[in-house]
Amino acid sequence: MAEKTLFEKICAKEIPATIVHEDDRCVAFRDISPQAPVHILIIPRKPIPRVGLAEEGDEPLLGHLLLTAAKVARSEGIAETGYRLVINNGPHGGEAVPHLHVHLLGGRQLQWPPG
């Protein structure tokens with residue numbers, strides 16, 4: 001059995017996190033190294049290593065992650081001014097933890113291009 005990822009341990013409450021949303025399919029918590037005033041990670045409870053490895057059956061879960069991000073943006077008060085959603089895929093995409101996650105960034109003017 002493979003060792004749990006950091007995010008699986010957060011879902012299992014084996015590692016503390018500042019959780020802002022939780023349901024049967026995902027958990028949202030504040031990033032420990034925020035890149036914006038609001039920086040929240042939305043992760044599926046199902047351990048999908050990265051979006052590029054999601055399967056057709058994961059489509060409802062992927063949609064749920066995006067709808068949850070919008071809900072959290074509203075609860076954080078950044079929905080009206082705007083926010084950015086980022087999903088990193090693989091080493092060149094900036095992936096640091098091999099567990100699919102959506103970054104919700106906001107609370108300031110974000111620049112383009114991002115990287």
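Helices (H or I, at least four residues) and strands (E, at least two) are taken here as DSSP runs, numbered from the N terminus. The model is a predicted one, in which local features need pLDDT of at least 70 and side-chain atom pairs count only at pLDDT 80 or more, whereas totals for chains, interfaces and linings use all residues. Residues are numbered from 1 along each chain as its sequence is written, and side-chain values use heavy atoms, with hydrogens and water left out.

**The sheet**

Begin by selecting the strands, which form an open sheet of 5 with the order S1-S2-S3-S5-S4 and antiparallel pairing; two strands are paired if DSSP finds at least two bridges between them. Strand S1 (19–22) and strand S4 (83–86) stand at the edges, and each has a single partner strand, so one side of each is left without a neighbour in the sheet. From one strand to the next, the twist averages 20°, with axes being lines fitted to C-alpha atoms, for helices over the stretch in contact, and angles running from 0 to 180 degrees between N-to-C directions.

Next, select helix H2 (residues 59–75), which lies across S1, S2, strand S3 (38–44), S4 and strand S5 (102–106) and runs at about 155° to S3.

**The nonpolar cores**

In soluble globular proteins, nonpolar side chains tend to be buried together. A nonpolar core is defined here as a set of buried Ala, Val, Leu, Ile, Met, Phe, Trp, Tyr and Cys residues joined through side-chain atoms within 4.5 Å, and buried means under 20% relative accessible area, exposed over 50%, and partly exposed in between (1.4 Å probe, protein chains only). The largest nonpolar core has 15 residues, and those with the most contacts inside it are Ala28, Ile40, Ile42, Leu65, Val72, Ile78 and Leu104. Two or more residues of this core come from each of S2, S3, H2 and S5, and H2 gives the most, with 5 residues. Apart from it lies another core, of 8 residues, among them Phe7, Cys11, Phe29 and Val97.

**An aromatic pair**

Stay with Phe7 and Phe29, and show their rings. Rings of Phe, Tyr and Trp (its six-membered ring) pair if their centres lie within 6.5 Å, and planes under 30 degrees apart count as stacked, over 60 as edge-to-face and the rest as tilted. By this rule the count comes to 1 aromatic pair: the rings of phenylalanine 7 and phenylalanine 29 have centres 5.6 Å apart and planes at 70°, so the pair is edge-to-face. It links distant parts of the chain, with phenylalanine 7 in helix H1 (residues 6–11) and phenylalanine 29 in strand S2, 22 residues apart. Phenylalanine 7 is buried at a relative accessible area of 5%, and phenylalanine 29 is buried at 4%.

**Salt bridges**

A salt bridge is counted where a side-chain nitrogen of Lys or Arg lies within 4 Å of a carboxyl oxygen of Asp or Glu, and by this rule the count comes to 7. Select lysine 13 in the loop between H1 and S1, where this residue has a positive phi of about 65° although it is not a glycine. Lysine 13 is exposed, at 52% relative accessibility, and its side chain meets that of glutamate 22 in a salt bridge (3.1 Å, N to O); glutamate 22 is partly exposed, with a relative accessible area of 36%.

Then move to the loop between S3 and H2. Lysine 46 forms a salt bridge with aspartate 58, the closest N and O atoms being 2.4 Å apart, and both residues are in this loop, 12 residues apart. Lysine 46 is partly exposed, at 41% relative accessibility, whereas aspartate 58 is buried, at 5%.

Arginine 50 forms a salt bridge with glutamate 95, with the closest N and O atoms 2.7 Å apart. Arginine 50 lies in the loop between S3 and H2 and glutamate 95 in the loop between S4 and S5, so the pair ties together parts that are 45 residues apart in sequence.

**Last stop**

Finally, select proline 113 in the segment after S5, where the peptide bond from tryptophan 112 to proline 113 is cis, with omega near 5°.

Note on methods:
Contact means heavy atoms within 4.5 Å.
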